[in-house]
Every structure is written in structure tokens, then in C-alpha cells.
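I opened a new page today for a structure I had not looked at before.

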Amino acid sequence: MKMSKMFVQTLREFPSDAEVISHKMLARAGYIKKLTSGVYNYMPLMWRVLKKIETIVREEMDKAGAQELLMPFVQPKELWEESGRWDAYGKELMRLKDRHDRVMCLGPTHEEIITALGRDVLKSYKQLPVNLYQIQSKFRDEVRPRYGLLRGREFIMKDAYSFDTSQEGLDKEYKNMAQAYKKIFDRCGLATKMVQSDSGAIGGSVSHEFMVITDTDAGENDVFYCDDCDYAANSNHAVSNLLPAEVNGEKYFSKTEILDTPNTHSIDELAGFLNIPPTLILKTLVYVVDKKPVLALIRGDRTVEETKLMNAVGGLDIRIATSAEIAELMAEKGFEAVPGFIGPQGMDGVRIIADETVRDMKNFVVGINQTDKHLVGANLEKDIPHIEEFKDIRLVEAGDLCPQCGKPLKVTQGIEVGNIFQLGTKYSAPMKAVYLDENGKTHPYIMGCYGIGISRTAAAAVEAHNDEHGIKWPIAIAPYHVVIVPVNIKDELQMKVANDMYEKLLQAGVEVVLDDRDERAGVKFKDADLIGFPFRVTVGKTINDGLVEYKVRESGEMTTLKPDEAVDELISRILNK
Ligand code: ATP
Ligand code: MG
């Protein structure tokens, strides 16, 4: 490829809406161009990277025994009604009507379509197990499309779906996919951690995410992990054991009584006012789950994890209540308390979930729905006996103890690039997708599904491999391997050597760009670093002594070699690795 002909536009500045490195660099280096919010053109450089990732994914999926197909991007409402997700999926599902007023949606994922397809084709146990995959654009009307390709609305995904006749079969395929995923990300030059996770809108019981660990803003997930064993989990799923804490307030409160606690709206203010540790305060939070109020109770020093709470309630949508909603709830129950003084007493009819930390609390402090007052020296059985649902709804904190081995947990940030799920019969049962066994009896398929964000993986690779000058692509997914930069295109010898090397490398199968633009060398070097070619060969004045300069982007290592030596070195490093 000649640089002068390349359809690329590098920018002098980072685009103003770009917050994270990968978005900034991919936009500035001319890989992507925004069409509208969360929707991008993949320019030729980007498309080469994406195709390389796709090739690695295809090779490993095929090796793992999966078969590729391609399903439609537009999906009919009826199938989503069969699975029950038409109402459950929420606003991310982009719904539309055709000219006959038939309601459709743009595929955010394909469980419904594949289950219907399986139902039509996989009639007998003899046809099972099978694993089918596709690589395709998905559309999710994300609330906050941001971070460029990391969270787009239209993005490219590999999604695979397995059909089995037993849980053992699914377990085996799940492991098979986990291994294939590890190989895929390793080959892409990405270190990943496989972590336990919540199953979210896809559903099912067991699921794991593949996270690229990063200390940048782009890591949207907190991952808790243990250095001493293999425990690792997304914060939405992580559990922990707690260090001992003061949970009995007998030394502060000799009797149960209502005290004035003016202006103590926060746990810190209340603990300070009463001069007690926050572990002696029972915190009450009001949430709205699927439009209904829910009270969450937790020990004062801990935080509620919303996904865990939502799962405990069995809901699909959760948010913290607004002040107006809290006021409405208070009025309904005949109270007038403002936030900070809410408590479970007198809240009959409202679902109350208590975190397990609440169980051990004795002689504690709790809101009683009276502004500027709290009950102190309270106890569960005596003062709030109607609390029945104790669940783990707390956010793990670094330093909590590993649930597997008891060592302190650590926390880091991760970008989710892949996700595998055990679906079981979540789709096959409601959609009546069944096969006949040896005895002619019907059973729903036991299913799994397995996703990889192709475009997110590319962006995650940039997050993981860059420096202040630009991208440092891993060789396996770089758009091109080498750039040859003649310093002065008017110098005949320089151009002859550059062209000659270019031809030799092309012939050998190296992907090479010749920067034949009439630009200053400085400009070309800057672009080469920004675009992130793994190798650069500069043909400048030293060619008069028969030498070119050879530079490795990753390490910065620079040497002078004869042109033929440089060609041999490149061929061996790129093609024989
Ligand atoms: P997230 O939690 O980041 O919104 P998700 O868990 O909803 O993602 P899945 O349904 O598991 O996503 O989709 C499979 C894969 O598709 C994800 O692991 C991720 O790599 C990719 N993906 C999901 N949403 C997006 C998006 N908006 N932009 C780019 N890639 C995405
Ligand atoms: Mg996911």
C-alpha cells in the first residue's frame, strides 16, 4: 500500500468528545469516523484490524468444533414475545415498524432467532450437540454511548450458541469455549482474566466474563480477585467474607430509646453525632425495582450492590428512588421523614431485603421515619421482627476476605471483551424448542451462549498497547506490519532502495506500507507512531553508506542494517513467529 493513496485522514488534535485513549487515538489516527452518536465508519485501517481479529476468532471457533452461519439483523417482535424478552429487554432494544405496521427490532443479540432456528432443524438427539456462531453487527440503543468503539450503539460481535441434551454436555462445551476464548485473546496479544459475573439481560445461571485488565478510565467494571487462589469476579457478582467488626452496641446504649439526632442525614454525620462506629448503624435505602419501591437494609459501613439487590428481588430494572418518590412513600405510610431518617418500621406491604451483614447486628441504631430522630439500642427480633428476607446484596470491598481461600481480595478495573453464559432452558423452554430422545420423548435443549465484542476487542487492544505517541499494535492484529519511510522522496537512491525493499517484503507476504508522501520526515514519523505500525524502516542519508534504520515500535529498539538484512530480519520476525 502506498501511503499517498491510502484512504486515511489523521487529525492534528484528539476529537473533543473523546474521553479515553482508544477513542482518542483511533479517531486521531484515522481508523474510525463518527457518523452519529455511537455509530462509526470503520475506515480501511480499522477494517483490516477488525478482519484480523475476526480471522483469529473464526479459526479458533472452527477448531473448537463450532459452525459459522449468518442470521438476519432485523428480527420480528413475535419471537421476542415467545421468550418473554420483548417487555423485559428495556430501551436498549431498538424497536421499529415496517410498511405493513409489523413490529420488528434490530438485533442486540440473537438467542431468540437461534432458538427458533434450532427448533425447526434440530428435531432429534442424533443431531446434538451442536454449536453455531456468527460474526455480525449488533445494535443496542445504549443510554450512554461513549468511549468510541468500547461502547458503541452499533458494534461488531461474534455470538455463538450451543445446543445440548444434558447439563454435562453443556458443562463440557462451556469449558471448551472458555479455552477457545483464552486462545483467541492470547493470539490477539491481549492478556485477559476470566471472572465470574452476573448474567444480566441474557439470563441463565452461570456466566463468566473475559476482562482486559486496565488502570485507565476505560475499565468500566470493577473486578475483585485473589492472588492466592483463582477467585475473580465482577463486582456485580463478587462475594466475600468480612473481617470482624464491632456490631453490638451494648456499650453505647444501655436501653432502647428514641434519641434526637438533628441534621444527621448521612451515616458519617450520625456516627459522628452519636460517637459510634458506622458498623452500629442499620442503613435503610429506598430503591425502585420494576417500578415498585423496595427497602434495602445494610450495615452502615457497607454499600448496596444494585445488581445483587435486583436479582434478590427478582427484578429486571433497578434505580435508587428520587426524593419525590421517597416523600410519596412516606405520605402513603403516614410518615413525614426526609431521607436520612427512613427505616423499616411501619413499612408493611413494602418489600424489604436485608443484607446478611444485618443479621449479626445487636443494640444498633436505626431510622424510624421521623425527621431528626433515631431509635438506638434496637434489636431485630424486638424492634423490626417483620424482616424476613436476608440476602447477600453488598458490594465487596478490597481487603474483604476471599470466599474461596480467606486471603484479602484485591480490586482492579477491567474491560469486558467476552462473555460466556450457561443458559440452560431459559429460551428453549418458553419457546418450546425441543428434540426427541432415544425413547421418543421431547425435551427442551440445554443451551449456552458465547459472545465476543470484535470491535471492543480492537479498542481494548489500543487501551492495553499505547504510549504518548500513539498505538503499539500487537503484530497479529496490526493493520499493516511495516512502514517504509523514505526521508526525501526526491532523492533517487532513497526512493529506489525504499521501493526495492517494499517489493521484496510484499512478495514475501509481509503487509507493508510505503510512505511516499511529499511530507517532512518528522510528519511521517509522527504518523507512523500514531498509526502504530509494529516496525518502521527509514531510508535516509545513511543509505549513502549502504544502511537503513530499523525501528521496533513496541520496545523502541533501533538499529542500522543493510537493506537486505532489514528485509530478512522483518520477514523472520513477522512471518516466522
Ligand atoms: P456491557 O456490560 O459492557 O454493556 P454486555 O454484558 O451487555 O456488555 P454481552 O451481551 O455480554 O454485553 O455481549 C457480548 C460482548 O459484546 C461483550 O462481552 C462485549 O465485548 C460486546 N459488547 C456489548 N455491548 C457492546 C457495546 N455497546 N459496544 C461494543 N461492544 C459491546
Ligand atoms: Mg456481558
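The entries below follow the order in which I looked things up.

**Entry 1, domains.** I noted at the start that I am working with a predicted model. I then looked up the domain assignment, which gives domain 1 as 19-190 + 422-463, domain 2 as 257-391 and domain 3 as 480-575. For domain 1 and domain 3 I looked up the separation of their centres, taken over C-alpha atoms, and found 40 Å. The contact between these two domains takes 6 residues from domain 1 and 5 residues from domain 3. Between them, domain 1 and domain 3 bury about 610 Å², and 58% of that area is on carbon and sulfur atoms.

I turned next to helix α2, residues 44-63, and to its packing with helix α11, residues 454-464, where I found an angle of about 110 degrees and axes 9 Å apart. Because angles of 65 to 115 degrees count as roughly perpendicular, I wrote down α2 as roughly perpendicular to α11. The crossing of these two helices is right-handed. On the α2 side I listed M46, V49, L50, I53, E54 and V57, which meet I454, S455, T457 and A458 in α11. Sorted by class, the residues of this contact are 7 nonpolar, 2 polar and 1 charged.

I stayed with α2 and looked up its packing with helix α6, residues 167-187, for which the angle is about 150 degrees and the axes are 9 Å apart. Since an angle over 145 degrees counts as roughly antiparallel, α2 went into my notes as roughly antiparallel to α6. Here, too, I recorded that α2 passes α6 in a right-handed crossing. The residues that make the contact are I56, V57, E59, E60, M61 and K63 of α2, together with M177, A180, K183, I184 and R187 of α6. By class, I noted 6 nonpolar, no polar and 5 charged residues for the contact of α2 with α6.

I then moved to helix α12, residues 492-508, and helix α14, residues 563-575, which pack at an angle of about 30 degrees with their axes 10 Å apart. The crossing of α12 and α14 is right-handed. I found that V497, M501, K504, L505 and A508 in α12 meet P563, D564, A566, V567, L570, I571 and L575 in α14. This contact of α12 with α14 divides into 10 nonpolar, no polar and 2 charged residues.

The peptide bond from L128 to P129 is cis, with omega near 0 degrees, and I placed P129 in the loop between α5 (111-121) and β7 (130-139). I also noted Y147, which is not a glycine and yet has a positive phi of about 65 degrees. Y147 is found in the loop between β7 and β8, the latter spanning 154-164.

How values were computed:
Residues are numbered from 1 along each chain as its sequence is written. Chains are lettered from A and ligands numbered from 1 in the order in which they are written. This is a predicted model: local features need pLDDT of at least 70, side-chain atom pairs count only at pLDDT 80 or more; totals for chains, interfaces and linings use all residues. Side-chain values use heavy atoms; hydrogens and water are left out. Axes are lines fitted to C-alpha atoms, for helices over the stretch in contact, and angles run from 0 to 180 degrees between N-to-C directions. Helices (H or I, at least four residues) and strands (E, at least two) are DSSP runs, numbered from the N terminus. Angles under 35 degrees count as roughly parallel, over 145 as roughly antiparallel, 65 to 115 as roughly perpendicular and the rest as oblique. A crossing is left-handed if the near helix is turned anticlockwise from the far one by less than a right angle, and right-handed if clockwise. Contact means heavy atoms within 4.5 Å. Ala, Val, Leu, Ile, Met, Phe, Trp, Tyr, Cys and Pro count as nonpolar, Asp, Glu, Lys and Arg as charged, and the others, Gly among them, as polar. Domain bounds come from an automatic or database domain assignment. Buried area is the accessible area (1.4 Å probe) that two parts lose on being put together, summed over both.
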